[in-house]
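Keep the structure open as you read.

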Amino acid sequence: MTVAGLPFDVVDAAGAVERLCAAMVDGQRMFLSTPNLNFLVAAQRDAAFRQSVLASDLSVADGMPVLWLARLQGTPLPERVAGSTLFERLRAGEGQALLARPIKVYFFGGPPGVAQKACDALNAEGGHMRGVGAHSPGFGTVEDMSAPEVIDAINASGADFLVVALGAKKGQAWIMHNLGRLTVPVVSHLGAVVNFVAGTVERAPLAWQRWGLEWLWRIRQEPALYRRYAADGLVLLKLMLCALAGKALGPKPLER
């Protein structure tokens, strides 16, 4: 199904975890996209960004506004499936019956030093995940961040899950640019996950998440996000009014 021109798999969190674990077991490529309201907004204006979601193997609704819009257009989704939630469920051991070993994770991106801190945090807890590598490329173009030695290091780590954190647009673009060279089974841009695992940012309490107020919690910790959320909120209002009026949401969907 589609919401505002972006495709979404009709799957709950448990089903998504199962698909991710199966991909890791089989060594099958799984490009996971987690569109939220910011993705919907960016995709209205950026064809390349929109194409990155269309090219994904699994696309889940990471945001209550996506669920609200889906319900308004008469095609409700089972539940919110946040990328952070998927990561935490895997970290807690869900799906281990399939994998039968810790999941090997490589962190790419984030503020200087945070990826390594996240990697160290996983290894310190000795749980169902192992950090097998980290790289903070700093600022630069997608091409600058895609040198052969960078891709070789990721592949050599033997990671099952590559977590990219470069900002949504650049992160999706980096994945699209390098997907053919990467041998990691599961690849996804999960920008906030690196900070959550490293402990530099605290995720919103469950009650805030359920009520669709995680954005307010994020602003409390990262005030610079205010402008982005304010602009996205205006687009959400427009999309909701269109849905109530029975008008098509967003550009005409393309085939995945």
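Start at strand β8, residues 186-189. Helices (H or I, at least four residues) and strands (E, at least two) are DSSP runs, numbered from the N terminus. Both faces of β8 are covered. Val 186 and Ser 188 lie on one side, Val 187 and His 189 on the other, and all are buried. Buried means under 20% relative accessible area (1.4 Å probe, protein chains only). In a regular strand, side chains alternate between the two faces of the sheet.

This is a predicted model: local features need pLDDT of at least 70, side-chain atom pairs count only at pLDDT 80 or more, and totals for chains, interfaces and linings use all residues. Residues are numbered from 1 along each chain as its sequence is written, and side-chain values use heavy atoms, leaving out hydrogens and water.

Now look at the neighbours of β8. Two strands pair if DSSP finds at least two bridges between them. Strand β3 (residues 30-33) pairs with β8 in the parallel sense over three bridges. Met 30 has Val 186 as its bridge partner. Strand β7 (residues 161-165) also pairs with β8 in parallel, over four bridges. There, Leu 162 stands opposite Val 187.

Next comes the core. A nonpolar core is a set of buried Ala, Val, Leu, Ile, Met, Phe, Trp, Tyr and Cys residues joined through side-chain atoms within 4.5 Å. The largest one has 35 residues, and Phe 87, Phe 107 and Phe 161 touch the most other members. Helix α1 (13-26) gives the largest share, seven residues. A second, separate core of 22 residues includes Phe 8, Phe 39, Val 53 and Val 235.

Conventions. Buried < 20%, exposed > 50% of the residue type's maximum accessible area, 1.4 Å probe, protein only.
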